[in-house]
Structure formats: C-alpha cells, structure tokens
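Here is a friendly briefing to read alongside the structure. Keep the view open as you go through the points.

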Amino acid sequence: YTSQPREVVLDCGPYVDRSGLSSRLQAELDEALLFLNDCNIPFSREDRGPTFISKQILGDCRAVLRVLGPWCADKAAGIMVRELQKYIKHEQEELNRKFLLFTDTILRKVHALCEEHFSPASLDLKFVTPKVLRLLEILHEYKPLERQQFESVEWYNNRNQDNYVSWSDSEDEDEDEEVEAKERPEANFPSPFTNILCGIIFVERRYTAVVLNRLIKEAGKQDPELAYISSNFITGHSIGKNQPRNKQMEVEFRKQEEVLRKFRAHETNLLIATSIVEEGVDIPKCNLVVRFDLPGEYRSYVQSKGRARAPVSNYIMLADSERTKSFEDDLTTYKAIEKILRNKCSKSVEVGEFEAEQSLDDDNLLPPYVLRSEDGGPRVTINTAIGHINRYCARLPSDPFTHLAPKCKTVETGDGRFQSTLFLPINSPLRVPVKGPVMNCSRLAEKAVALVCCEKLHKIGELDDHLMPVGKETVKYEEELDLHDEEETNVPGRPGSTKRRQCYPKAIPECLQDSYALPELTYFLYVIGMVLTTPLPDELNFRRRKLYPPEDTSRCFGILTAKPIPRIPHFPVYTRSGEVTISIELRKSGFTLSSAQLDLITRMHQYIFSHILRLEKPALEFKPTLADSAYCVLPLNVVGDSDTLDMDFMFMEDIEKSEARTGIPTTKYTKQNPFTFKLEDYQDAVIIPRYRNFDQPHRFYVADVYTDLTPLSKFPSPEYETFAEYYKTKYNLDLSNLNQPLLDVDHTSSR
C-alpha cells in the first residue's frame with residue numbers, strides 16, 4: 001500500500017568556516033534584518049507593511065547561506081537583485097521604495113564580499129556546506145555504468161509503467177488507478193536500469209531549489225563524473241488551481257508544466273522541488289529521493305517517500321549534526337504511525353468495506369478484456385479501464401501548451417438507464433466516437449465505455465500486449481531491451497526522431513490531378529476571396545502602419561483548373577494586417593480560352609512563383625503539363641461597370657511589358673544629370689535597391705515618404721553623421737540629388 005525504498009539518514013557534520021566569509025555574511029544579514037524588525041511604521045491591516053518584501057528577501061538569502069553556503073548565497077543574491085528591480089520600478093510609495101533600495105544595497109554588499117574570496121564564474125567547493133558535498137557524493141553513485149549506451153540526455157528507466165501518468169482531475173478515476181496498481185503484482189527482480197538516475201531532491205524554500213539547481217549544473221561542467229545529470233527545478237511559485245491568473249502567472253505556470261513534461265519524458269533525470277511535488281502531481285517512479293531539508297511532519301515524510309516507487313530505490317534524508325538526534329526521535333514516531341496504518345489497510349475492515357464490495361461487484365457486471373487466460377495475465381476490468389484511457393491520452397504527442405484528455409458524454413435513456421459516448425483526442429487513430437453499453441447509473445456507464453474503448457485501442461495496435469500505450473517512451477524502452485530486431489536500413493537515427501530523415505509517399509487530391517488548363521478543354525474559374533476579419537490591434541501595430549483590407553480592392557487572385565474543386569470551408573491566414581479569412585468560390589465553368597490566352601496565363605503563373613515568390617530552385621523545371629498537381633493562379637478584376645469578376649488579361653499584358661519583366665534600366669545619375677524625384681512614382685510602390693544583393697535583390701514596400709528628411713539629415717545612429725555619409729561609406733555611392741525626400745519602407749517576404 002506504500003512504497004518501501006531503502007531509507008537512510010545521513011549526518012552531514014558541521015560547516016567549518018575557515019575563511020570567515022560565512023560568519024561575515026551572516027552578521028551583515030542579521031544586522032539588516034534586525035534594523036528592519038526595529039522599524040515601527042504604522043500601516044493598515046489590509047496592506048503588507050513597507051518592510052514586508054525586504055524581510056522576506058533577506059530572510060531567504062540568510063536561509064540559503066545557512067543551508068547551502070556562501071557560494072550559493074552569492075548566486076541567490078544575484079537573482080534577488082534582478083527581482084528587486086521589478087519591485088523598485090513599479091513601487092509608487094517613496095518609503096517602500098527606500099526600503100527596497102536598502103535591501104538592494106545589502107544584497108550587492110553580499111556579492112561584493114563573496115567576490116573578495118572566490119570567482120563567481122566557477123564553482124568553489126570550499127564555500128559550500130557539508131550537506132551539499134554529501135549530496136554530490138550521492139549523485140556520483142548514480143553515474144550510469146555504461147555511459148556509451150546513452151548518448152542523449154533522455155534517460156529511460158524500467159519503472160513497471162502502470163499508472164505512469166494520469167491527466168484526470170476526477171477522484172473516482174484516481175481511485176481506479178490505485179486499484180489497478182494493487183491488482184498488478186510488482187516485479188520481484190531489480191531493474192536492469194537502476195543505475196540510470198531518475199531522482200527528486202526535496203527542499204523547503206524556493207530560492208534553495210533555484211540555486212541548488214544552478215550549483216548542480218556548475219558541478220556537472222567541472223566534474224565529468226556528474227556530467228550525466230540533466231537537472232531542473234520546480235517550486236510551485238505562482239501555481240494555484242483556484243486563484244485567478246494574470247499573464248505573468250500564466251507564463252510561470254507554463255514553464256512549470258514544461259519542466260514536469262521533460263521530467264516525465266526523462267529528458268531531465270533530476271528534479272529539485274519544493275513540497276509542490278510531494279502530492280497531486282504525476283511524475284515517474286523515482287529510484288532516488290533526497291530530503292535535503294528534513295521533513296517536518298509525517299504527511300511530508302510519507303508523501304515524499306512515496307515518490308521513490310522504482311523497484312530498487314533509495315530515500316535519503318540529509319541531517320545537520322544539531323538536528324540528527326531530534327530527527328531520529330521523529331523518525332521513530334513516523335515509523336510507528338506507518339506500521340499502524342499498514343496493519344489497518346491489510347485487514348480491509350470497516351472503513352471502505354462498502355466501496356470495496358461495490359468495486360468487486362462492478363467487475364461482475366461486464367467481463368474484463370483478457371489477453372491471456374493464465375493467472376496474472378494482462379487484463380482490463382471495468383474498474384481499471386478509465387486509468388488506461390487517461391494514461392493512453394497522456395502519451396499522445398503534444399506540445400507543452402496542450403493537455404490532451406478524453407471527453408465523455410453520458411445521456412439518460414428512456415427507461416431511466418444511462419449510456420456514455422467517449423471521444424478521444426483528435427490525434428488518436430481511433431477517431432470514431434465509442435459508444436458503451438447501457439448501464440444502471442452514469443458512473444458505471446462511463447466505466448463501461450472506457451472498457452470498450454480499451455479493447456478497440458488494443459485491436460488497432462495503440463495498446464501493446466501488456467495493455468500499455470505504444471508511445472515514444474515505449475519505443476525507447478524496447479530499444480534498450482532489444483525487444484525487436486534493428487530495421488535494415490541505411491537511414492541513421494531512431495524511427496520517429498528528428499535525426500531520421502525518410503521519404504514518404506505524397507498524396508495528390510484527385511481534383512488536382514491532370515487538371516491543368518490545356519487547349520480545346522472547358523475550364524473552371526474559382527475566386528480566392530480574402531476578407532480582413534480581425535485587423536491588427538493598435539498595440540501590436542508598433543510602426544503605426546496603415547492596414548490594407550484586401551476586400552477594399554476590386555483585384556484579387558483566382559484559380560483556373562480543368563476539373564471541379566469540391567467545396568471547402570473557409571480558413572484563416574495571418575498577415576501583417578491581421579487575420580484574413582480565405583474562401584474558394586466557383587465563379588464560372590464550362591467556358592473555353594484561346595491558345596494565346598492560355599499561354600499568357602501560363603507565363604503569368606510562372607512569373608508569380610518564379611520571380612515574385614522565388615520558389616523555383618535549380619533542380620526544378622517549369623513543366624506544368626507534366627506535374628502531378630497542376631492548376632493556374634492568375635489575377636482577376638471587375639469587368640466593365642458590372643460587379644462580375646473575371647480574368648484580368650489587360651493586367652497580365654501590362655506585367656509582360658513592365659520593367660519587372662523586361663529588366664530595370666540602369667540609368668547612371670551624375671552631378672550633371674541628377675536624379676529627379678517624382679512623388680507619384682513612389683506612393684504605394686515596390687522598390688528594389690540595386691546597389692546590393694545583385695543576384696536576388698530584396699523588394700521593399702514604400703509605406704511612407706518623409707518629405708521633411710533629406711540625405712543630409714542626421715543619421716539615427718552615431719556611426720554616421722548623415723544618410724549621405726552612410727551610403728558613401730557603406731556602398732561607395734555618391735548621391736546626385738541631396739534634396740530628395742527619404743522613403744520609409746517595409747521588407748516584403750516571400751510569404
């Protein structure tokens with residue numbers, strides 16, 4: 001009923017302050033805190049006092065000094081100074097601001113004193129406490145035996161991966177997970193991968209976690225024996241289920257979620273945590289749990305020990321010499337409480353008897369899904385099915401901002417009974433809603449549909465023959481155990497990883513196959529409708545650019561094909577102006593075109609993709625009639641006085657004759673033949689700087705013309721005096737017209 005790791009209490013001994021630095025820092029912080037405590041300043045009961053933040057920060061710094069030593073106190077002071085700047089910046093009250101500045105001065109003094117004794121750039125173990133040294137010794141013991149097998153920082157362990165992760169918030173489903181864990185017997189043999197670290201270090205304070213993580217990272221850089229450690233920290237800072245979240249708290253919450261995700265995926269193998277991880281957070285079975293700060297109560301002791309659930313695991317408590325004796329007495333009490341509770345649980349009497357019988361009865365309502373009939377063979381019962389579904393959904397690929405969870409809808413049938421339908425996340429191959437049998441109550445209906453879903457997932461190969469999710473952890477675990485033969489291929493890397501590049505068959509929609517507009521055919525013309533549905537808000541329009549809704553102009557793009565395109569829903573495209581909604585609508589069909597018109601359309605299509613979007617690569621050839629997917633993109637415009645859109649052949653002919661196709665003239669301007677600026681030529685224009693990127697010059701859109709600036713105006717940075725000097729120095733250009741206005745331009749990307 002509880003984990004049974006090997007428990008060790010280590011007496012770390014006293015810290016010997018040979019340099020006197022620790023005593024000096026202690027005295028400085030004690031004196032500052034004494035001063036703050038002596039300040040008797042009246043304030044309303046609802047407000048925090050003006051010295052509240054200062055006391056909290058200096059108290060935390062003193063705690064880090066006592067627990068970790070001067071090196072860590074220096075690092076903590078640096079972090080605190082940066083955080084203090086935010087408080088100082090936003091503090092309105094002058095008195096409060098003075099206390100914050102006082103605290104800032106004390107922390108900077110701590111840093112200056114530390115700099116006199118050691119270099120902050122590297123870890124000096126003479127300035128850390130014996131408890132830290134003892135921790136590093138423990139971590140040395142967990143160095144992998146065969147390092148060459150594990151070249152990445154992803155560490156995988158044999159953790160009997162039942163109830164590995166549950167994303168459920170339901171108490172009923174959590175109970176189902178526990179029932180499953182009890183039904184499946186633990187393996188009696190040590191894991192072959194117990195030398196691979198998966199550990200948690202529990203500390204009391206947030207700053208202790210942050211700084212200890214930094215210390216371990218520094219130790220890994222200096223000591224090759226500790227280089228295998230990939231650590232991170234989680235403090236629960238700004239995490240609260242019921243409290244309202246502002247933007248900063250939301251960012252912090254996302255960071256903590258990402259830390260947990262990496263630890264679950266074994267991308268990090270050591271987590272430094274406050275009590276937030278003692279309970280209520282799903283993490284892997286650990287083979288090392290260290291109580292850096294001793295547990296202060298039985299609840300903390302048993303919950304942190306419960307994280308050491310690997311078959312071979314250690315629960316190590318680090319004690320200072322002055323606390324060892326008193327903690328031994330506490331530990332004796334904890335053991336006695338645990339023994340009483342264990343005896344109570346093993347008898348299965350009175351408390352929970354009704355629920356146990358009810359769960360047993362539930363198993364008789366629907367037969368379990370059994371893979372092998374022998375005793376102890378893999379099976380899913382009506383009481384364990386929800387746990388399997390939760391675990392499966394948690395293993396589906398997702399980014400750190402997405403939490404995949406199943407959705408269950410239960411409806412009451414006409415006869416007063418209930419039926420549930422289960423919807424799995426969209427990236428599960430089982431996309432059809434799963435209907436369960438009709439049951440007497442909604443709770444049983446939800447369990448029953450989960451059981452049916454487990455059977456379907458196993459049959460389509462989403463659950464393996466141990467009824468575990470076939471996910472990336474499973475693949476990696478199988479690789480380590482050599483459970484399958486290596487695929488014969490010369491492509492490097494593991495299947496599914498970024499190191500493995502493979503070719504996949506490319507599917508072309510039938511409506512776009514052999515659909516290029518050829519002579520003597522009838523055609524379909526579609527309009528690509530564009531409407532600016534959500535303009536860019538002013539706070540994001542930093543340069544105050546004018547927005548151009550595409551629907552304000554009569555000209556747009558169209559698609560010409562020889563086959564009809566099925567109706568497709570509208571979809572969004574995000575441009576510089578904001579969110580634009582795209583629609584594909586049929587304009588006309590059954591018409592013909594002459595060979596000259598088709599040639600003009602083909603040349604325009606090639607011009608768009610080769611010269612404007614620059615998608616033509618050296619290995620590509622423009623042969624649209626031979627392409628698997630072929631259609632033409634062309635400009636449309638309103639015809640005459642009507643509102644009807646049609647192909648804009650006049651515009652296509654203008655493009656053919658334009659300088660963009662025929663080549664930009666290379667006029668040489670001199671003092672005798674100066675350049676003449678015409679405002680109408682540059683309004684709403686696209687320009688190309690000919691003096692750079694000759695092979696593929698960039699295009700810029702003219703957003704504004706600054707008539708109040710000239711090449712002789714002051715340059716925005718001190719490197720150059722004027723714009724004229726900038727062009728002369730950088731590009732060796734002599735400007736022939738020093739009175740011309742300047743252009744404000746935006747870069748046009750190929751997107």
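Aspartate 30 is partly exposed, at 28% relative accessibility (partly exposed lies between buried, under 20% relative accessible area, and exposed, over 50%, with a 1.4 Å probe and protein chains only). This is a predicted model, in which local features need pLDDT of at least 70 and side-chain atom pairs count only at pLDDT 80 or more, while totals for chains, interfaces and linings use all residues. Residues are numbered from 1 along each chain as its sequence is written, and side-chain values use heavy atoms, leaving out hydrogens and water.

- Aspartate 30 pairs with arginine 62 in a salt bridge, with 2.7 Å between the closest N and O atoms (a salt bridge is a side-chain nitrogen of Lys or Arg within 4 Å of a carboxyl oxygen of Asp or Glu).
- Because aspartate 30 sits in helix 1 (residues 21–38) and arginine 62 in helix 2 (residues 52–68), the pair ties together parts that are 32 residues apart in sequence (helices are DSSP runs of H or I, at least four residues, and strands are runs of E, at least two, numbered from the N terminus).
- Arginine 62 is partly exposed too, with a relative accessible area of 22%.
- Another salt bridge joins arginine 108 to aspartate 104, again with the closest N and O atoms 2.7 Å apart.
- Both of these residues belong to helix 4 (residues 94–115), four residues apart, or about one turn of the helix.
- Arginine 108 is partly exposed at 46%, whereas aspartate 104 is buried at 8%.

- You can find arginine 545 in the loop between strand 12 (523–535) and strand 13 (556–561).
- Its relative accessible area is 18%, so arginine 545 is buried.
- The side chain of arginine 545 makes a polar contact of 2.8 Å with the side chain of aspartate 744 (a polar contact is a pair of N or O atoms within 3.5 Å; within protein, one must be able to donate a hydrogen and the other to accept it, and residues adjacent in sequence count only if both atoms are side-chain atoms).
- Aspartate 746 forms a salt bridge with arginine 545, at 2.9 Å between the closest N and O atoms.
- Since aspartate 746 lies in strand 20 (residues 742–747) and arginine 545 in that loop, the pair ties together parts that are 201 residues apart in sequence.

**The overall count**

- By the salt-bridge rule, the count comes to 28.
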